[in-house]
Amino acid sequence: DYKLYTELCDEGLTAFEPESKGHLVEGLAFHKHYFDISKGGHGPYRGQQLIFRPVVRFIGENGALICYNRIVQDELNVKITEETRIWERKNKDSPWKHIHFHRSNPSE
């Protein structure tokens, strides 16, 4: 749901992820591409998704760091990623926004 994604994410979202091949991605356009291809059932995250061992650390009152492993089960295939996400809010009354993430494949 790209509309919900844009509500949860800051428009200046930054990311390092396997699809960007080591480059820092800025903004939402890169991510919109994957929402668009997922509409046909061909996206990278179809199937059941599980979050394992989430750790949440607050950074002051307005920042949060979340780390976890994501497991995606698609028919007989299993994909595991290691993810770190940073969320921020401007003040106690404003909504939390996703501002940065780093997603990588585990080293073998």
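The following dialogue examines the predicted model shown above.

Visitor: On what basis are the values computed?
Guide: This is a predicted model, in which local features need pLDDT of at least 70 and side-chain atom pairs count only at pLDDT 80 or more, while totals for chains, interfaces and linings use all residues. Side-chain values use heavy atoms, with hydrogens and water left out, and residues are numbered along each chain, as its sequence is written, from 1.

Visitor: In what order do the elements of the chain run from the N terminus?
Guide: Helices (H or I, at least four residues) and strands (E, at least two) are DSSP runs, numbered from the N terminus. The chain holds two helices and six strands. Their order from the N terminus is α-β-β-α-β-β-β-β.

Visitor: What radius of gyration does the chain have, against that of a compact globule?
Guide: The radius is taken over C-alpha atoms, and the globule rule is 2.2 Å times the number of residues to the power 0.38. The C-alpha trace spans about 45 × 30 × 25 Å along its principal axes. For 108 residues a compact globule would come near 13 Å, and the chain agrees with this at 15 Å.

Visitor: Is Ser94 buried or exposed?
Guide: Ser94 lies in the loop between strand S5 (77-88) and strand S6 (97-104). Buried means under 20% relative accessible area, exposed over 50%, and partly exposed in between (1.4 Å probe, protein chains only). Because its relative accessibility is 17%, Ser94 counts as buried.

Visitor: Which backbone oxygen does the side chain of Ser94 reach?
Guide: A polar contact is a pair of N or O atoms within 3.5 Å; within protein, one must be able to donate a hydrogen and the other to accept it, and residues adjacent in sequence count only if both atoms are side-chain atoms. The Ser94 side chain has such a contact with the backbone nitrogen of Lys90, at 2.9 Å. At 3.0 Å, it also reaches the backbone oxygen of Asn91.

Visitor: Which residues does Glu17 touch, beyond four places away in sequence?
Guide: Glu17 is placed in the loop between strand S1 (9-16) and strand S2 (25-26). With 7% relative accessibility, Glu17 counts as buried. Contact means heavy atoms within 4.5 Å. Not counting residues up to four places away in sequence, Glu17 touches Gly22, Phe30, His31, Phe101 and Arg103.

Visitor: What is the phi of Lys21?
Guide: Most residues other than glycine have a negative phi. Lys21 belongs to the loop between S1 and S2 and, at 69% relative accessibility, counts as exposed. Its phi is positive, near 55 degrees.

Visitor: What is the phi of Arg53?
Guide: Arg53 sits in strand S3 (residues 48-59). This residue counts as exposed, since its relative accessibility is 71%. Although Arg53 is not a glycine, its phi is positive, at about 50 degrees.

Visitor: How far apart in space are Glu26 and Leu13?
Guide: Glu26 is in strand S2 and is exposed, with a relative accessible area of 62%. Leaving aside neighbours within four places in sequence, Glu26 is in contact with Leu13 and Thr14. Glu26 and Leu13 are 13 residues apart in sequence, and their C-alpha to C-alpha distance is 5.8 Å.

Visitor: What share of the contacts with a separation of 6 or more joins residues 24 or more positions apart?
Guide: Of the 108 residues in the chain, 27% are buried. Among contacts with a separation of 6 or more, the share for residues 24 or more positions apart is 39%.
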